Structure formats: structure tokens, C-alpha cells
Amino acid sequence: MTAAPYRTDLPGPSGDKYLGNLHAFSSDPLGFLTDCSRRYGDVVRLGENNVLLTDPGDVEKMLVDRDSLFSKASADTRRGSRRQGFPHSTMNSDGDRWKAKRHRLQPAFGRSLSTRAAEIVDAQGEKLLRTWRPGQARTLQDDIAVVTLRLVTQLMFGDEFSDRDTAEVARLVAPIMDLSTSPVLLPEWVPTPRKLRIRRSMARIDRTLRALAASPAAHDPERAPVLHALVHGTPAPSPEELRDELATLIMAGFETTNDAVVWTSVLLARHPRIAERVRAEADAAFATTPAGLSRMEALPYTHAVVREALRLYPPVWLTSRDARQDLDFGGYLIPAGTTVTVSQWVAHRDPRFWEEAEAFRPERWLGGGPSSVPRGSYFPFGLGPRVCVGAAVATTETVHLVADIWRRFRLELTTPDHIHPRPALALQPVGAEVVPRPW
């Protein structure tokens with residue numbers, strides 16, 4: 001740390017005498033963070049050891065320039081969430097351990113995997129849409145979950161997962177995906193009902209994923225490139241590492257695409273003219289691009305629609321790191337050990353950098369995107385070294401599935417005023433019931 005006289009009196013809400021801002025955050029995380037950013041500025045004290053950064057330059061500095069000065073989670077956090085958080089995965093590792101794990105996994109997520117993802121999602125989307133009947137109400141979240149679970153398991157693990165296996169893993173992972181948004185972590189020995197469910201799920205996940213790692217697909221890089229990269233990577237993973245990697249890949253691959261497709265469809269249902277343009281583009285793309293190939297280059301407007309949906313409803317809505325040493329941001333001293341938070345939800349809707357920040361305007365992404373928006377204002381898949389390894393694959397899946405759906409049907413929302421975001425581990429859409437109609 002330099003000798004500069006950085007300020008220590010960070011602005012922020014005082015909160016309750018005993019609980020601080022816990023209640024305000026837990027009851028409305030999105031509203032609380034947005035209000036803090038608008039009221040207190042670029043560096044906000046959220047609690048005794050928690051700071052929010054809202055300036056795009058500071059966001060980039062934290063995630064890119066100073067990445068090595070932060071850790072993914074502190075020792076205290078790990079003690080409180082070891083069983084829930086899959087600590088042996090790449091996602092939850094730091095330093096040299098993270099670099100080795102990322103190096104082992106990275107080659108599997110190349111261009112060929114995105115191409116294969118396009119092929120699988122088109123086939124699975126068609127399979128789903130054949131079950132839809134015009135005028136019959138559907139719970140969109142449930143329907144898209146079927147497609148995305150089949151997609152992520154087939155893409156990463158080959159054909160070893162039957163629909164029954166896929167449903168079982170989804171059921172086991174659900175308690176972990178349903179973790180509370182509360183920042184309070186009870187000690188591991190406290191036997192809460194949620195923790196007991198998680199422990200039972202973890203034991204069954206162990207058995208399911210160990211069997212998967214021993215399957216023939218694990219030895220075939222063409223059939224199951226991600227599974228092969230994990231099992232045969234260097235250094236070889238321990239059984240615990242393999243379990244944690246597979247579980248986090250399933251959760252991340254499923255939840256990101258699922259939420260992105262549903263939110264995009266909700267927005268298209270609210271904006272029929274934009275939906276008509278997506279339909280026309282999809283018709284042209286399917287007519288000119290052979291089946292089994294990625295249609296991304298033929299779907300630039302649909303891609304823009306998805307990017308705008310990710311701006312307004314980013315599946316990852318909050319990112320936190322722990323400072324390894326004293327740091328400065330915006331003229332303030334951030335002590336070592338402080339949890340520093342940035343919020344995609346806040347950054348993506350900041351009216352200082354986004355024209356009509358609350359409006360759904362896909363055209364802002366055409367022609368390369370808005371040149372005047374700072375890099376740290378848009379990061380749905382993260383920034384810097386820890387950017388999501390599957391970002392390109394997830395984008396391809398989402399664009400293709402949105403095109404598949406809206407080429408065949410226009411969707412009407414049955415309760416448009418009751419759809420709302422639920423900020424759990426991902427920003428989940430709640431209440432998205434739709435009625436498919438023919439064009």
C-alpha cells in the first residue's frame with residue numbers, strides 16, 4: 001500500500017443497530033444494491049467488512065488489473081460453505097491451483113464445442129416444440145429446463161445420461177442452487193434442514209458422478225470432450241475434484257442458459273415487433289444454413305436480442321472477492337480481508353453509462369455494440385482471467401434455442417405483471433407462464 005492519505009470514512013447505509021443491513025439486503029437484494037449505488041456513489045460500505053464498487057473503471061480494475069490481489073473466498077467463508085460450495089472445483093479455487101485446473105479444462109471449450117452445442121440444442125429444441133400445442137399454457141421455466149439439462153449433460157458427458165439420470169442429477173443439485181441469498185453463513189455443525197438436504201444430495205451426487213467418470217464416454221474425446229479433459233487431464237483430478245468439477249459444470253451450464261432463454265423470451269413476448277424481426281431472421285437462417293451447423297453468423301439480430309436480455313437480466317447478478325491486502329478504490333482505503341462486491345445488475349442498468357438504461361433496445365448491440373459504454377459496465381460472464389470458460393458455448397446455445405422457439409411460435413404471457421426476478425445463486429425468472437400461438 002502506498003503512503004497516500006486515502007480516506008477510510010466510506011459512505012453507506014447505517015442499517016439496524018444489531019443486524020446492520022442484513023434485513024434490507026435479504027428482503028430485496030436488487031433494490032438494496034441499486035439504491036446504495038445511486039445514493040452513496042462509486043464506493044459504498046455495505047457492512048463492517050463488505051464494500052460495493054459501482055464505477056466501471058473500478059470494476060475492471062478489480063476483475064482484470066488486480067485479479068491476483070483478490071481471492072475467491074476467505075478461509076472463514078470456506079469453513080462456512082465447504083459442503084455447499086464444491087470447494088475443489090475450478091470455479092472455487094484460487095492462485096496456482098486455479099491456474100492448473102483452468103489449464104486442464106480450457107481446451108475442451110473450443111470452437112468445436114460451440115458447433116456441437118448448436119447441433120444438440122436444435123435437435124433438443126425441436127423435440128420439445130413438438131410437444132407444444134397452440135393455446136395450451138406452458139410453464140416456460142420447466143420446459144426450457146428439460147432442454148438445457150439434456151443439452152449440458154449430452155454436450156459434456158456424451159450419451160451416458162438418460163432422461164432419468166438427467167432428472168435425478170437436477171433434483172440432487174436443486175437444493176444447492178436454491179441456497180439463500182442471505183450473506184450470513186451458519187457454522188457447518190449447525191444442522192439446519194437446508195444443510196441436511198444438501199448433505200444427502202452430496203452423497204448421492206458422489207455416487208452418480210463417480211459412475212459417470214468410469215463410463216466409456218470418459219475415454220472418448222470426440223464423444224465427451226469435457227469429461228475426457230477432466231478425467232485425463234494433467235494433473236489427474238482426485239475423486240473429490242472430479243465430483244466438484246462435474247457438479248459445478250452441470251449447475252453453471254444448466255442455469256445460465258435456462259435463465260437466459262426464459263428472460264429473452266419474456267422480453268420478446270412484451271415486444272412483438274422485435275419478436276417478429278427475430279422470427280424473420282430465424283426463418284432465413286434455417287433456410288440457408290445446413291442442419292447440424294452453427295447459425296450464429298446468420299443470426300446477428302437474435303444475438304443482439306440475447307445480449308440485451310443478458311444486460312437487463314444477467315444470470316450472474318453479483319460477484320464478490322476478498323482483498324488479500326490493503327487496496328485503494330476511488331480514493332478510499334479498502335483493508336485486507338474486506339469482501340469487495342460488484343453487481344452485474346447494478347452496472348448493466350446504470351443510467352450514467354447506458355442510454356435508456358431500463359429499456360429493451362437490442363439495436364444498441366448491432367454494429368459491434370455501444371462504443372461509448374465502458375468495459376466494466378457489461379460483464380454477464382465476468383471479466384479478466386476468471387471470465388466464464390463456457391461463455392461462448394452458453395451464448396451459442398441461447399441464441400439457437402431462442403431462434404428455434406420464436407421461429408415456430410409467438411408466446412403470450414398469461415400473467416405479465418407477475419413475472420419477477422428471484423436473485424438466488426442465479427437471477428431466476430419466476431412466474432413465466434406462456435401460451436404458444438401460431439404466427
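The dialogue below takes up the features of this model in turn.

Me: What kind of model is this, and how are its residues numbered?

Reply: This is a predicted model, in which local features need pLDDT of at least 70 and side-chain atom pairs count only at pLDDT 80 or more, while totals for chains, interfaces and linings use all residues. Residues are numbered from 1 along each chain as its sequence is written, and side-chain values use heavy atoms, with hydrogens and water left out.

Me: How many helices and strands are there in the protein?

Reply: Helices (H or I, at least four residues) and strands (E, at least two) are DSSP runs, numbered from the N terminus. The protein has 15 helices and twelve strands.

Me: How should I read the pairing of strands 1 and 2?

Reply: In general, strands of a sheet pair through backbone hydrogen bonds, either parallel or antiparallel. Two strands count as paired if DSSP finds at least two bridges between them. Here strand 1 (residues 43-47) and strand 2 (residues 50-53) run antiparallel and are joined by four bridges. A hairpin of two residues connects strand 1 to strand 2. Arginine 45 has valine 51 in strand 2 as its bridge partner, and valine 43 stands opposite leucine 53 in strand 2.

Me: What is the order of strands in the open sheet of three strands?

Reply: The order is 4-12-9, and the pairing is antiparallel. Strand 4 (138-139) and strand 9 (410-413) stand at the edges with a single partner strand each, so one side of each has no neighbour in the sheet. Four bridges pair strand 9 with strand 12 (residues 433-437) in the antiparallel sense, and the bridge partner of glutamate 412 in strand 12 is valine 435.

Me: Where is threonine 139, and which residues is it in contact with?

Reply: Threonine 139 lies in strand 4. Threonine 139 counts as partly exposed because its relative accessibility is 38%. Contact means heavy atoms within 4.5 Å. Leaving aside neighbours within four places in sequence, threonine 139 is in contact with Ala432 and Glu433. The C-alpha atoms of threonine 139 and valine 435 are separated by 8.9 Å, although the two residues are 296 residues apart along the chain.

Me: How should I read the length and surroundings of helix 6?

Reply: The expected span of a helix is 1.5 Å times one less than its number of residues. Helix 6 (residues 111-129) has 19 residues and reaches 27 Å from its first C-alpha to its last, close to the expected 27 Å. Its buried residues include Leu113, Ala117, Ile120, Val121 and Leu128. Among the elements covering the buried residues of helix 6 are helix 7 (140-157) and helix 12 (272-288).

Me: Is glycine 158 buried or exposed, and where is it found?

Reply: Glycine 158 is found in the loop between helix 7 and helix 8 (163-177). Glycine 158 counts as buried because its relative accessibility is 1%. Beyond its neighbours within four places in sequence, glycine 158 is in contact with Thr153, Arg223 and Ala224.

Me: How many aromatic pairs does the structure hold?

Reply: Rings of Phe, Tyr and Trp (its six-membered ring) pair if their centres lie within 6.5 Å; planes under 30 degrees apart count as stacked, over 60 as edge-to-face and the rest as tilted. The structure holds nine aromatic pairs. One of them is the tilted pair of tryptophan 365 and tyrosine 378, with 4.5 Å centre to centre and 45 degrees between the planes. Both tryptophan 365 and tyrosine 378 are buried. Ring pairs also link Trp263, Tyr313 and Trp345 into a cluster.

Terms used: Buried < 20%, exposed > 50% of the residue type's maximum accessible area, 1.4 Å probe, protein only.
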